[in-house]
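Hi,

Here is the structure I promised to pass on to you. Please have a look at it first, and then read my notes below.

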Amino acid sequence: MGPYVNMIGKMCWDMVYFTVILLVFLTSYGVARKSILYPSPTGTWNWDNLVDIFAIPYWQIYGELFMDDTGMLECRGEGSEGCSLGAAFVPFVMSVYLLIANVLLLNMLIAIFNNTFTSVQENANEIWKFQRYRLIVEFSSRPGVPPPFIMIQHIWMVIQWFLRCCCHKSNLSKEMRIVFDDQSETLLYNFEEECMGNYLRQLTLQEQASMPGLIQRINERVEAMALYMEELKRREEKDRRLRRKETMERTVATWNTNGKSSGQAGSRGSQGSKSKEYSRGLSC
């Protein structure tokens with residue numbers, strides 16, 4: 001029952017804020033309705049005006065529309081003597097008011113209650129443990145004997161208080177304390193660290209399983225893939241430049257080799273022709 005009582009208390013605070021917002025729209029519609037249907041030229045105030053301004057708009061939220069007071073029936077009759085000026089505008093204002101109050105504000109209140117219920121339900125175990133601890137502390141501080149013998153324990157408590165004041169001792173009670181040795185404190189610290197690690201691990205898993213965590217992981221993977229593709233493009237461009245450079249160096253080397261071989265062949269041909277002419281001159 002503890003978490004549900006806490007839930008009801010938080011919902012009551014949520015309803016207070018909702019009532020303040022609703023009061024703004026309720027007062028605006030009530031004043032407009034009262035001034036249009038029942039104008040007061042003398043400006044006299046009557047306590048019945050509070051009923052027309054606050055009570056009727058409030059009950060209209062629950063379906064009691066008071067159509068007889070809106071002026072629509074008088075304006076539809078054969079003789080429109082009872083139709084006041086601007087009475088046809090009241091149903092339009094009422095429809096806007098009911099749309100905001102019944103559709104917008106009530107659904108917003110339900111959403112707020114749902115959020116409160118979810119937040120309390122998630123921490124229901126912790127709330128129950130804290131309330132149980134408060135109950136134990138409360139009963140431990142109370143006298144253990146029933147009335148009228150309770151006066152004996154009160155007298156003993158007064159005597160203890162005087163002794164503490166005279167001896168200048170601390171007023172802190174050690175009944176609810178547990179004293180640990182070094183080994184027990186080490187085990188307790190290790191247990192707390194392990195619980196904290198499990199809690200952080202659980203939070204990480206919940207964050208990864210949620211939609212924002214999934215979107216973040218996909219974004220990180222896309223960024224890593226984009227960086228990898230850019231690195232591959234740089235490497236391919238570098239390899240292409242190196243292959244082009246090697247191809248140009250091979251082409252230049254081939255041209256140099258072909259030029260040297262053609263030069264040697266030309267020198268050999270000129271030397272052969274000269275020797276032939278010299279031999280012909282000798283024969284002549």
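This is a predicted model: local features need pLDDT of at least 70, side-chain atom pairs count only at pLDDT 80 or more; totals for chains, interfaces and linings use all residues.

The protein has eight helices and zero strands, so its order from the N terminus is simply α-α-α-α-α-α-α-α. It has 284 residues, and 13% of them count as buried. The accessible surface amounts to about 23,400 Å², with carbon and sulfur atoms making up 63% of that. As for contacts between residues at least 6 apart in sequence, 68% of them join residues at least 24 apart.

Side chains of opposite charge can pair when their charged atoms come close.

Let me begin with Asp52 and Lys34, whose closest N and O atoms lie 2.8 Å apart in a salt bridge. This pair links distant parts of the chain, 18 residues apart: Asp52 belongs to helix α2 (residues 48-61) and Lys34 to helix α1 (residues 2-37). Are these two partners buried or exposed? Asp52 counts as buried at 17% relative accessibility, and Lys34 is buried too, with a relative accessible area of 15%. The cut-off behind that word is under 20%.

Next comes helix α8 (residues 211-283), which contains both Arg234 and Glu230. These two form a salt bridge with 3.9 Å between the closest N and O atoms. They are four residues apart in the helix, so about one helical turn separates them. Arg234 is exposed, with a relative accessible area of 52%, whereas Glu230 is partly exposed at 39%.

Helix α8 also holds Glu237 and Arg240. Their side chains meet in a salt bridge, at 2.6 Å from N to O. Why are they separated by about one helical turn? Because they are three residues apart in helix α8. Glu237 is partly exposed, with a relative accessible area of 32%, and Arg240 counts as partly exposed at 35% relative accessibility. There is a network to look at as well: salt bridges that share partners join Glu230, Glu231, Arg234 and Arg235 into one.

Best wishes

Definitions and conventions:
Residues are numbered from 1 along each chain as its sequence is written. Side-chain values use heavy atoms; hydrogens and water are left out. A salt bridge is a side-chain nitrogen of Lys or Arg within 4 Å of a carboxyl oxygen of Asp or Glu. Helices (H or I, at least four residues) and strands (E, at least two) are DSSP runs, numbered from the N terminus. Buried means under 20% relative accessible area, exposed over 50%, partly exposed in between (1.4 Å probe, protein chains only). Contact means heavy atoms within 4.5 Å. Accessible areas come from the Shrake-Rupley method with a 1.4 Å probe; for residues, only the protein chains shown count as cover.
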